[in-house]
Amino acid sequence: MMKIQPPLPLYTSEQIRALEQAVFDGGETAEQLMARAGAALFSVLQTKWPDARTVGVLLGSGQNAGDGLVLARLARAEGFRVSLFGWCRPERLHGAAHRAWMALKTAYPDVVVMQEMGEMPALGHFDVIVDAGFGIGLSRQRPLSAEAVHWIEYVNRARHGGAAVLSADLPSGLIADTGAGDPVVQADVTVCFLAMKIGLVTGRGPAVSGHIVLADLGIPPRKETPDVHVVLGAESLPPKPRDGHKGRFGTVLVVAGNRGMMGAARMAAEAALRVGAGKVIVATHPEHAATLAIGRPELIVHGLVAATSLDALLAKADAIVLGPGLGCDDWAAQMAARVLATDLPLVIDADGLGFLPPSAVMNSLRIMTPHPAEAARLLGCTVAEIEQDRLAAARALRERFGMLGVLKGAGSVIFLPDELRVCGRGSPALATAGSGDVLAGVIGGLLALGIVPAQALPRAVCWHALAGEVLAEQSGAWGAVATDLFEPIRAIANGWANLPPANVSLWP
């Protein structure tokens, strides 16, 4: 089986501040921590861009600016040309950041500080821009100023013009606790200090953070870890038993595919086969019964006129997938009501989510798989509100509907009974019709194999995300279709896939 990096804890800004305070209480000074942070930044800059000689440092008004100023001093000592710019004059900084400025100014009194808008450096002036604007300092209660927006947009234009961008802790504009933000610095590399922040791996984080380098600065992790982790991989299946037979690997019942939506049912059903389910039965609209299995004769297809016909199929099932292409008419309502009355492990996806009762006690055999628009309908809010705080939305779904689940999207959030996990893998190749149907089928297939829901769900989400990465690396993200995921998923399940490295690495 594949060797998997263990999940990394994800911290809120409040938890990071508590970690910093514990460090200071233990005798470390802010200057010592800032010196190590700046050294880590400069080391990563030299490693990633060994030919760079001209560096610009974007300075904000907080302690994050001090990390950039330490880097500036180290870079000047190595002969780099360094310019400072941003929305705060360095002499107005406070505490350790101000002392970092004085150390730079004393050593290099001719350091260039570009402050006014009219002094904005020409695009193409820098090899690398170091973004030391905000770090964890932003929140919904502290929005960006007009001047900060101006400089963030400048950095992004400069990157478009060829400059590389290295962010200190978080890309400026990104909110540490949620991954929301607009505009946000588009980084090529982000050096995250002390511990991983939630915002780097969900919401806009995956799109703007670039490669993430975690620099713990020599501070050991706390014994008390958060209840949120980022997952960067998942184990493949063990070798298939030599004496196995289809009856040992479970039966999945896919209840899906209303009139005109046969494809959704077919994709979910084939995905269950591709992860090893022994049998897959599809209960679909009678209109599709004769054609759904064309090209995939291994599927057992029943066209059902009435929901009472489901009873015999339910008796054969070890797990159920409800919802892909189910629709919302009377036929769909009858099918959903029958399925929701069972106690079998159950994946509720797509249209099936519309038939959930408004609230329920926790049932750990049920898994819901909404995308942001479906989550917004379920919670009675807007998609924008969901995306403003994806972890809060995941917790609200768990509390209201009493089941496990995944809020899909960039940095999918998996909610289990006592913890959240964020999938740190994925690719825009997954942003295509039918991708969610495939995921529902993968979960259903793992449930049929006898894997408990709390283990099947994160494994399926991670396999699905990894399959998207493999697909994008093989042939690009544009033009990928959901059925292209089947072969990568099968290879990952068997432990044969040549997987791209995770987007998170450790320094040094």
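For residue classes, Ala, Val, Leu, Ile, Met, Phe, Trp, Tyr, Cys and Pro count as nonpolar, Asp, Glu, Lys and Arg as charged, and the others, Gly among them, as polar. This is a predicted model, in which local features need pLDDT of at least 70 and side-chain atom pairs count only at pLDDT 80 or more, while totals for chains, interfaces and linings use all residues. Residues are numbered from 1 along each chain as its sequence is written, and side-chain values use heavy atoms, with hydrogens and water left out.

The lining of the second largest pocket has 11 nonpolar, four polar and seven charged residues. Among the 22 residues that line this pocket, Leu237, Lys240, Val275, Gly276 and Asn494 are the closest to its centre. A pocket here is an open set of points on a 1 Å grid over the protein atoms alone, where a 1.4 Å probe fits, with protein on both sides within 12 Å along at least five of seven lines; lining residues have an atom within 4 Å of a point.

In the lining of the largest pocket there are 23 nonpolar, 17 polar and nine charged residues.

Ser13, Ile16, Leu19 and Val23 of α1 are buried, meaning under 20% relative accessible area with a 1.4 Å probe, protein chains only. Seen down the helix axis, the buried residues of α1 fall within an arc of 115°, so they line one face; the arc is that of the directions from the axis to the C-beta atoms. On the other side, Glu14 and Asp25 are exposed, that is, over 50%. Just after α1, Gly27 takes a positive phi of about 110°.

Note on methods
Helix = DSSP H or I, 4+ residues; strand = E, 2+ residues; numbered from the N terminus.
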